[in-house]
Amino acid sequence: MSFERIAARPPTGYGCDQLFLEAGHDDDKQLPVARSAHVVWVDRKNSGEALVEAVSSSAFEAGDHFGWVACDNRTTRAVAKIFRDDFKIPRKSIKAQAYWVA
């Protein structure tokens with residue numbers, strides 16, 4: 001399933017508590033995101049560190065949630081660790097896919 005499809009409309013039966021989108025350019029923030037979930041745009045800084053900080057600072061007990069992350073390899077690993085350690089999401093409920101090497 002493509003990011004564009006997920007951002008536009010989550011699969012039936014799935015909600016989204018928070019959606020973090022990383023913007024490398026100001027124009028990226030014009031991406032149409034048609035959803036009622038809380039969308040947080042994070043400017044790409046220091047090879048993904050701003051995104052890692054934003055996700056970490058929003059942690060809550062989410063053991064019954066599903067975490068999905070797809071970024072560069074370092075950021076993906078860091079966010080997946082936050083999902084496990086801070087959000088308490090079980091490893092089997094996390095999909096982490098690195099799409100490029102930073």
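## Basis of the model

The model is predicted: local features need pLDDT of at least 70, side-chain atom pairs count only at pLDDT 80 or more, and totals for chains, interfaces and linings use all residues. Residues are numbered from 1 along each chain as its sequence is written, and side-chain values use heavy atoms, with hydrogens and water left out.

## Overall fold

The protein has three helices and four strands; helices (H or I, at least four residues) and strands (E, at least two) are DSSP runs, numbered from the N terminus. Along the sequence they follow the pattern α-β-β-α-β-α-β.

Of the 102 residues, 30% count as buried, where buried means under 20% relative accessible area, exposed over 50% and partly exposed in between (1.4 Å probe, protein chains only).

## Confidence

The average pLDDT, the predictor's confidence in each residue from 0 to 100, is 85 for the protein, and 81% of the residues score at least 70. Confidence is lowest in helix H1 (residues 3–8), with a mean of 45, and highest in H3, with 97. Over residues 1–11 pLDDT stays under 50, and the model has 12 contacts beyond four places in sequence for them. A contact means heavy atoms within 4.5 Å.

## Helix H3

Helix H3 covers residues 73–85, and its 13 residues should span 18 Å at 1.5 Å a residue; the end C-alpha atoms are 18 Å apart, which agrees. The expected span is 1.5 Å times one less than the number of residues. Buried residues of H3 include Asn 73, Val 79, Ile 82 and Phe 83. The buried residues of H3 pack against helix H2 (49–57), strand S3 (67–72) and strand S4 (94–100).

Asp 72 caps the N-terminal end of H3, with a side-chain oxygen 3.1 Å from the backbone nitrogen of Arg 74. Thr 75 lies in H3 and counts as buried because its relative accessibility is 2%. The side chains of Thr 75 and Asp 72 are joined by a polar contact of 2.8 Å. A polar contact is a pair of N or O atoms within 3.5 Å; within protein, one must be able to donate a hydrogen and the other to accept it, and residues adjacent in sequence count only if both atoms are side-chain atoms.

## Nonpolar core

The largest nonpolar core has 17 residues, and Val 55, Phe 83 and Phe 87 have the most contacts inside it. H2, S3 and H3 each supply at least two residues of this core, and H2 gives the most, with five. Such a core is a set of buried Ala, Val, Leu, Ile, Met, Phe, Trp, Tyr and Cys residues joined through side-chain atoms within 4.5 Å.
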